[in-house]
Amino acid sequence: MERPVEHPAEEIKRLQRCVNDLVSVLALPATWTGGDPAHIGRTLIDSIASILTLDLVYVRLNEELGGAPIEMVRAAGSTMLRAEEIGANLRHWFGEHPATWPSVVRCHIGDEELSIAALPLGFHGSLGMIVAGAQRADFPEQKERLLITVAANQASIALREAQILCEQRGLSNELDRRVAQRTLELAQANEDLRREIAERARARTQLAGENELLQMVASGRALADVLAALCHFVEDTAGDCICGAYLIDWSIPAFLSGTAPSLPASFTASIEGLPVRPELCPCGMAALEKRQVISVDLESDPLWLDTAYRRLLLSHGLRSVWSTPILALSGRVLGTFAIYQRRPATPSPGVQELIGQVTHIASIAIERAQDEAALKRSEAFLAQGQHLSSTGTFSWRLDTDDIRFSEEANRIFEFDADGRVSLEQIADRLHPEDIRLLSEKVEFARRTGGDLDYEIRLHLADASVKYLHTIAHGSRDENGRMEYIGAIQDVTARRLSEQALERARSELAHVARVATLGALTASIAHEVNQPLSGIITNAGTCLRMLDTTPPDVDGARETARRTIRDGNRASDVITRLRSLFSKKEFTQEPLDLNEATREVIALSLSELQRNRVIVQSELADDLPSITGDRVQLQQVLLNLVRNASEAMVGVDDRPRQLLIRTESEGTDHVRVTVRDAGVGIERQGVDKLFDAFYTTKSDGMGIGLSVSRSIIERHGGRLWVEPNDGPGATFAFSIPRNPERTT
C-alpha cells in the first residue's frame, strides 16, 4: 500500500512550485524566438540558476552553431572561476568528449566539492552541454533532474532553430554576396564583351585591309601602288596621322623615291637622295640602328634642331614623326616606314601593333618586287646564256609524258615556241640511226630513274644534221611522281671542230711517222738487206746444185725453200713499214700488244745496236688482247724507244740499258713501260714535256710526245713520265682493254 503523506499541505505547495518552475522552463522558448545562441545560453543559465538552488551552472555551445565555441557560467560561494577554467577542469576530470561523461558525479571544482549533473544539448551533445552542480550530496533530486532535463531539451530545440536560422541567414548573405558578385561579373563581362565586339570589328576591318594589301602583293601590283595603299590603310585605321614609306639603296647609301600619298610631291622629292645617316633624320637612325625612332616633338627635339629634315616637316605642319625600319626575313633593312602627326604624340600599343603588321606586309611587298626584278634579270641572263651557249632546258614528267621545252630548246629542235612537245615529235626529228638510242634511254629512265647523259643527232628538213648532248637528273616530288630536269646543248660546232681536230691530229701523227722514217733509214735498210742478201745467196746455191751431174735436186729444193723464207721476211718488213707510215684514219681493232711491241723492237733494233743500247724486254705472258689503233700505238711506243735511245747517246760511265715491259693493270687496263739509263729529266720540266713544240733536243720538232699523249688519250688512257731513283727516266702509258666500255 502507498505510504500516506505526512504533510499534505507542504507537498501540495512543493508540487505547485514544481509545476510553476516547469511552466517557467516551458515558457523559455517564447523568449528565445529569433535569438542567437549566446542569448539562448545566457537565458538558460539565468533561468536554471533562479529556479534551482545551485552552486554552479555551466553551459558550453559548440562551434557547429555558426561561430567559435561559447562558454558561460553562474557560480555561487567561493567558486569564482571563469567559464574557460571551469570547462578545463571538467575536461580534466571527465575527458575531451562530453558525450561520454557520467550523468552524475561528485568532483572538485576549484576549492569546492560539488555534485555534478551533465546533460547534452542536441543529439549526442552536437550543440553543446549544460552542467549543474551543488554541494549537496543528494543533488540532483528528481524534481531538479526533471527541470534541468526539460530546460536542456527546450534549449536544444531553440539552439537547433537558432542554428537553422543562422544557416539560413548565412545562406541568404552568401546568396546576396554571390548575386552581387555575379551582377558585378556580368556587368564586367558585358563591358568586356562590348570592348571585344568593338575590338573584333576593328580587327575584322584591319584584317580585311591587310588581306587586300596582301592580294595586291600576290597579284603583282606595282610596288608604288602597294605602298601607297598601305599608307592609306594606316591613316584610315589609326586616324589623325599621315604616313610615308621610303626604300633605301645601300650601294650609295641613300633613300630612294618614297611614297607619301597624303603629302605633296615636293615633300617626297626632298626625301629622295637623302643620305642614310643617323644625324640627318629619324629614318636614317632607324635604318642604321635597326630600331624604332620616335621624335615626340620635332620643334623641341634637340637631335634634329639644325637639320633640313626638321625644317621640311615643320614647313608642312608636321610636329611628330615615328620612324620604323622595314626588315627583310634575313634582317636586312629594306627601307623605313614613317608616321607623322600634326601635334606632339607617342604611339599607343594598338598603333604599335598596327605598325608591326604593316611593316611586315611592306617587307613582303618589297622583297617580292626585288625578287621579281632579280628573277626577270636572271631569266634574261639565262635566256641569253642559253642562246649564246646553244643550250636549252626541259622538264619531263614520266607519269603523264608532259614535256616542257625552253625557248632555246624549241629553237634547237626547230619547234614552235608555243606548241606542245611530245616524245613522238622528238623522235620525228632524230637521225634514223639514233631513234633506237632514244628508246633505250626512255626505257632506262622509266625503269631506274637514273641520270641521263647521251648524245643524239637531229636530221632536219633541210637535210642538215645537228649533234646534241643531253643530260638530265630525275627526282620525285612530294607525291612520289618522277620528273626529269635536264639540258640539251647543240654541240654541232664542237663536234665538227673535234672531227677537224681529229683529222689534223691524224695528219700530224702521219708527219711524225714520216719524220721518224728518215731517222730509221739505216735500220730499215739493214732489215730489208738481210733477207735480200739471203735470197741472192740461196739463188746462186740453187743454180750450182742444179748444174752438177747428176743435179742435186733435194739440195736445190731446200735452197729454194730458204729463198722463199727470206722473201717472206723481206715482204713482212715492207708490210710493217707501209702500215706504220701509211696515212689512214683512226681505227680500232683487236690486237696483241706484245706482238706490236716485238715489231717495234725489231724495227728499231739496228739503231739501238748502233747506239750500243742493251735492250731488255719483259713482256707479260698472260697479257690480254686489247682494242685500239695498232699503227698509232706502235707510233707511240716507237717514239718512246727512240727518245730513250737518244737520251743515252752521251752516257759512257754505265751500261746503256733499255727496259721495255708490258703488264696488266687492274682488271681492265694494260700498261707499257719504257725505262732508260740516260741523262734523266728535271722534275720542274716534267709538265712541259708533253706540250706541243717543246723539246729538249737541239734538232727536235717538239711534236713527238704531244702527239703520243693525244693518241693515248684518244684510246681513253694516260701517258706520263717519272724520274728514276737512279739515272734515267721512265715513260709509261696505260690504256683500257676496251675504250668504249670504259667510257
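Two strands count as paired here if DSSP finds at least two bridges between them. Helices (H or I, at least four residues) and strands (E, at least two) are DSSP runs, numbered from the N terminus. What you're looking at is a predicted model, so local features need pLDDT of at least 70 and side-chain atom pairs count only at pLDDT 80 or more, while totals for chains, interfaces and linings use all residues. Residues are numbered from 1 along each chain as its sequence is written, and side-chain values use heavy atoms, with hydrogens and water left out.

**View 1. The five-stranded sheet, strand by strand.**
This open sheet runs in the order β17-β19-β20-β22-β21, with mixed pairing. β17 (614-619) and β21 are the edge strands with a single partner each, so one side of each has no neighbour in the sheet. On average, neighbouring strands are turned by 15° against each other, direction ignored (axes are lines fitted to C-alpha atoms, for helices over the stretch in contact, and angles run from 0 to 180 degrees between N-to-C directions).

**View 2**
β19 and β20 are antiparallel partners, held by eight bridges; here L658 sits opposite D676 of β20. Three residues separate the strands in this hairpin, where G666 takes a positive phi near 70°. On to the next pair: β20 and β22 are also antiparallel, over seven bridges, and V674 stands opposite F731 in β22. Six bridges then join β22 to β21, again antiparallel, with F731 as the bridge partner of V721. As for cover, six of the eight residues of β20 are buried (buried is under 20% relative accessible area, exposed is over 50%, and partly exposed is in between, with a 1.4 Å probe and protein chains only).

**View 3. Helices on the sheet, and the core.**
α18 packs on the sheet and touches β19, β20, β21 and β22, its direction making about 20° with that of β20. The largest nonpolar core has 34 residues, and those with the most contacts inside it include L593, I626, L640 and F733. Such a core is a set of buried Ala, Val, Leu, Ile, Met, Phe, Trp, Tyr and Cys residues joined through side-chain atoms within 4.5 Å. Helix α18 gives the most to this core, with seven residues. Beyond its neighbours within four places in sequence, I712 is in contact (heavy atoms within 4.5 Å) with L633, V636, G717, R718, L719, F733, S734 and I735.

**View 4. N611, in the loop between α17 and β17.**
At 17% relative accessibility, N611 counts as buried. A 2.9 Å polar contact links its side chain to that of S645. (That's a pair of N or O atoms within 3.5 Å; within protein, one must be able to donate a hydrogen and the other to accept it, and residues adjacent in sequence count only if both atoms are side-chain atoms.) Leaving out neighbours within four places in sequence, N611 is in contact with S645 and R656.

**View 5. E455 on strand β13 (residues 452-459).**
E455 comes out as partly exposed, at 31% relative accessibility. L437 is 18 residues away from E455 in sequence, and their C-alpha atoms are 9.0 Å apart. Setting aside neighbours within four places in sequence, E455 is in contact with L437, L468, H469, R494 and R495.
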